[in-house]
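Dear colleague,

Please find the structure below, handed over for your use. My notes on what was found in it follow.

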Amino acid sequence: MRYRPTISLTLIGLILLFAATNNLTAQTAWTGTVSTDWNTAGNWSAGVPGAADDVTIPDTTNNPVISSAGITIRSLIIQAGGLLTVGAAGVLSINGSAAEGLFNKGTVQNNGIISIGNISNVAGEGIQNEAIFNNNSGAAIYIDSSSGEACLYNNGSFTNTGTITTGSNDGGTRGIYVKQGDFLNDAGGVINISNAYAAVEVDGGGILNYGNMNISSAYNGVILSFGVFTNSGQVKINGAFVGVICNIGSTTNNLGTMIMGEEKPVYTLVSTTDGFSGTFNNRGLFKASGEVKSNTFVNDHGTLSPGHPVGKLDFDNSESFTNSTLNMDVNGVGTAGEDYDQVVVFGTATLGGKLVISINKPAVDGDQVTLVKAIAIHGTFSMVTGLPPFWKLSYTPTSVILTYDLTNVWTGNAGPFWDMAGNWSHGTVPTAYTNVRIPGGTTNPCLVRSHAAASTIHVQGGTFNVFAGVNFTVIGRKNFNGVSAAFYNQGTAAIYGTLYIAN
């Protein structure tokens with residue numbers, strides 16, 4: 001009987017699996033033998049790559065150009081000296097990589113669209129840049145999901161003047177991670193980061209932003225360690241537990257606009273986690289509500305504006321406002337942080353800068369809001385702007401208070417004549433819209449030379465004199481101390497002219 005060899009079913013299965021695996025994860029390298037056209041088979045070692053291919057681009061004479069849509073691969077490595085150009089009409093999609101989606105050690109010029117992880121996750125970084133990567137004006141990069149250290153990992157030179165969007169499906173550990181190297185978001189550049197533990201992390205490198213950065217739904221907005229983050233454009237952080245973390249050896253310079261919590265709360269705005277602290281220099285506009293760690297935050301000729309449009313800024317220790325501007329909105333008098341802006345300092349608040357007030361409500365006599373609260377207040381603001389008539393600012397040892405006071409109080413500092421501005425607490429002579437109070441003293445007011453009017457008048461003491469031939473009109477719009485009287489006299493009223501009570 002002839003011997004017939006047999007092959008086990010297990011061995012057959014392994015052979016079929018090996019063949020299938022080879023078919024699914026084929027490799028091809030760029031040669032550039034024919035031209036620069038990506039879609040020319042003769043430019044590749046194993047034909048034009050497809051969705052299952054891992055692609056390598058070495059240093060060649062003819063560098064590949066993607067000039068059409070529909071280019072789909074598994075992964076891409078650009079070796080030192082290599083160059084990939086994605087044209088304005090080009091679309092490159094990368095999905096399912098077992099490592100980095102796009103690993104660049106050469107140069108990338110993107111003028112079209114690069115999409116990574118929109119269908120299936122990449123196991124490593126979406127993009128790892130070790131050399132030069134330019135995402136140019138009008139171009140877009142989408143890194144929807146990755147399981148590496150970051151959607152975009154930069155250890156080289158990265159310049160963006162287009163749009164970068166990360167984390168639409170899963171942002172993973174970090175949206176953008178700058179590990180050494182420089183990252184420039186230039187004017188016109190837009191970066192959108194969501195669904196990451198840390199939207200941006202700088203560890204020994206630097207980020208310079210002249211464009212727009214929008215961070216949402218990240219546990220931490222920006223983390224810095226031995227790095228520099230300089231904002232000369234606009235940064236918005238929403239839905240983060242901590243906005244900016246400045247750890248040892250790090251510096252944040254806000255020269256533009258930084259807005260936190262406009263759409264979703266940011267619970268701690270500026271903090272540190274290592275116990276040493278870096279520095280956050282505010283030289284632009286910082287608009288937010290929440291807690292700021294005072295040992296990290298420095299007001300360096302910048303502007304602080306609580307809330308959206310109103311809110312509270314809480315400093316956990318002493319803070320100096322000598323070289324800064326406070327923009328404070330008042331939309332009501334009910335609750336601090338809801339109806340009007342407030343700054344709270346759990347230490348000493350050292351004033352001396354500029355206070356800009358915006359009052360957006362009809363006022364009632366006696367309305368009062370506390371703009372600044374502190375354990376201790378040192379100094380006063382060097383300049384106050386935006387105060388409408390009858391609003392005044394006062395200082396106590398622990399607060400700065402804004403009060404709407406229609407009552408013009410007689411002081412008699414300039415003599416006995418009613419029509420002299422120096423005799424009144426407002427520094428102006430009362431009008432028909434002014435409440436008047438005469439407290440009594442050594443100099444009594446005399447209406448001698450001209451007619452006069454007031455909304456109400458309260459003679460608490462002394463003598464109010466109206467000479468013959470002079471008219472005094474009281475409109476009667478307000479009450480004093482709950483007494484419904486246009487003219488409330490507790491002293492002496494010597495009326496030799498004419499008194500009109502008009503309602």
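In what order do the three strands of the open sheet stand, and is the pairing parallel or antiparallel? The order is S46-S49-S52, and the pairing is parallel. Strands here are DSSP runs of E with at least two residues, numbered from the N terminus, and two strands pair if DSSP finds at least two bridges between them. Strand S46 (446–447) and strand S52 (492–495) are at the edges with a single partner strand each, so one side of each has no neighbour in the sheet. Between S49 (residues 463–466) and S52 there are four bridges in the parallel sense; Val-466, for one, has Ile-495 in S52 as its bridge partner.

This is a predicted model, in which local features need pLDDT of at least 70 and side-chain atom pairs count only at pLDDT 80 or more, while totals for chains, interfaces and linings use all residues. Residues are numbered from 1 along each chain as its sequence is written, and side-chain values use heavy atoms, with hydrogens and water left out.

Confidence is given by pLDDT, the predictor's score for each residue from 0 to 100. The protein averages 91, and 93% of the residues score at least 70. Over residues 1–23 the pLDDT stays under 50, and the model has two contacts (heavy atoms within 4.5 Å) for them beyond four places in sequence. Residues 479–483 also have pLDDT below 50, with twelve contacts beyond near neighbours in sequence. Where pLDDT is low, the predicted coordinates should not be read in detail.

Turning to salt bridges (a side-chain nitrogen of Lys or Arg within 4 Å of a carboxyl oxygen of Asp or Glu), the count comes to eleven. In one of them, Arg-74 pairs with Asp-54, with the closest N and O atoms 3.0 Å apart. Arg-74 lies in the loop between strand S4 (71–73) and strand S5 (75–78) and Asp-54 in strand S2 (residues 54–57), so the pair ties together parts 20 residues apart in sequence. Arg-74 is buried at 17% relative accessible area, and Asp-54 is buried at 16%; buried means under 20%, exposed over 50%, and partly exposed in between (1.4 Å probe, protein chains only).

A salt bridge also joins Lys-236 and Glu-262, at 3.1 Å between the closest N and O atoms. Lys-236 is partly exposed at 21%, as is Glu-262 at 36%. Lys-361 and Asp-367 meet at 2.7 Å, N to O, and both are buried.

Yours sincerely
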